[in-house]
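Below are some short notes to read alongside the coordinates. Please check each point against the structure as you go.

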Amino acid sequence: MSEMALIDNVIPRTDVVKRAARIGAEVRNFKLSSDLSDQTIAAINRLLLEHKVIFFRDQDHLDDAEQERFALRFGKPVPPLVLGTTKGTMSILEIDSARGGIRTDNWHIDSSCLDAYPKIAVLRGVVIPPVGGDTVWSNTAAAYLDLPPPLQRLANDLWAVHSNLFDFAVMACPSEADKKLYGEILTRARVETEHPVVRVHPKTGERTLVLGSYVKHFVDVPKYDGQRLFDLFESHITAPENTVRWNWKQGDVAIWDNRATVHYAAKDYGDQRRVVRRAAIEGEVPVSVDGRCSVTRVKLIKQPPANVI
């Protein structure tokens, strides 16, 4: 059966609506569940590879446990790196604006400090502010294709160090108490990995840019020059033509290919509360254009005390 026929057999193409020219599609009239057939899961995965991020409205029937069970249909779970899990689950990361937790209003690849960082993420809207709080995704394969050939060749040769010490304790924490908590967390979880700036997607063969806010520096490039290179490549990644913006409603679910996207959650909702919960699936170690694999430089992860979330 062809890939097109596979999708049409379980998800009518009329229910798959593109949200932007280069990235993003909404799947309508569909109920997510861990009980979906293998054929349906394969069709969802094909849509994901095609559109990079797919959206589902009206999934209020999902709770944390069922969200996790559904996500596990795509592979092995990745436990949260620096924050605790939601009760009763192994891998659900809660991001709650009322807790002063990690800010996500920066362009990033989830947990790119890991060697085999997540390949897929499943995010559910739990508490959504009446205004604001959208998330924007960008297609890093399209961004690579937009680079002029000389910049593509430069990117192919570059490697970058990704670290979870990318100003978590300073940038991401709005209060002194939060800074202290994150300082304690980061003594238990410290990870640095060298990734190629361009990886070859293991399923599509596309070349995708691997950058975002976890980047600490480029290998063998002075900081001054590296910052300008980073800004140059990021400007291509975040060009509006490569992006899609999702206006959340409670019960929405977004699933994205974390190997071919970066994303940004807008913090434009004032004092309103915003809660989203994410399950992530373990990915493959990135491979560069010339066949080299990412290398872990530092990996120190200790179990937190029982009373620390």
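1. At the start of helix H3, a side-chain oxygen of Asp63 comes to within 3.3 Å of the backbone nitrogen of Ala65. Note that the model is predicted.

2. Helix H3 covers residues 64–71, and six of its eight residues are buried, so the helix is largely enclosed by the rest of the structure. The buried set consists of Asp64, Glu66, Gln67, Glu68, Phe70 and Ala71.

3. What do the buried residues of H3 pack against? Their partners are helix H2 (38–51) and the strands S5 (120–127), S13 (253–257) and S15 (275–281).

4. Three strands form an open sheet in the order S12-S6-S14, and the pairing is antiparallel. Strand S12 (243–246) and S14 are at the edges with a single partner strand each, so one side of each has no neighbour in the sheet. From one strand to the next, the twist averages 20°.

5. Strand S6 (residues 135–139) and S12 run antiparallel and are joined by four bridges. Opposite Trp137 stands Val244 in S12.

6. Is Thr261 buried or exposed? Its relative accessibility is 1%, so Thr261 counts as buried; the cut-off for buried is under 20%.

7. The side chain of Thr261 reaches the backbone oxygen of Asp257 at 2.7 Å. Leaving aside residues up to four places away in sequence, Thr261 touches Ile23, Lys52, Ile109, Trp137, Ser138, Thr140 and Trp256. Among these, Trp137 is the residue that stands opposite Val244.

Note on methods. Residues numbered from 1 in each chain as written. Predicted model: local features only at pLDDT ≥ 70, side-chain atom pairs only at ≥ 80, totals over all residues. Heavy atoms only, no water. Buried < 20%, exposed > 50% of the residue type's maximum accessible area, 1.4 Å probe, protein only. Helix = DSSP H or I, 4+ residues; strand = E, 2+ residues; numbered from the N terminus. Contact = heavy atoms within 4.5 Å. Polar contact = N/O pair within 3.5 Å; in protein donor to acceptor, adjacent residues only side chain to side chain. Pairing = 2+ DSSP bridges. Axes fitted to C-alpha atoms, helices over the stretch in contact; angles between N-to-C directions.
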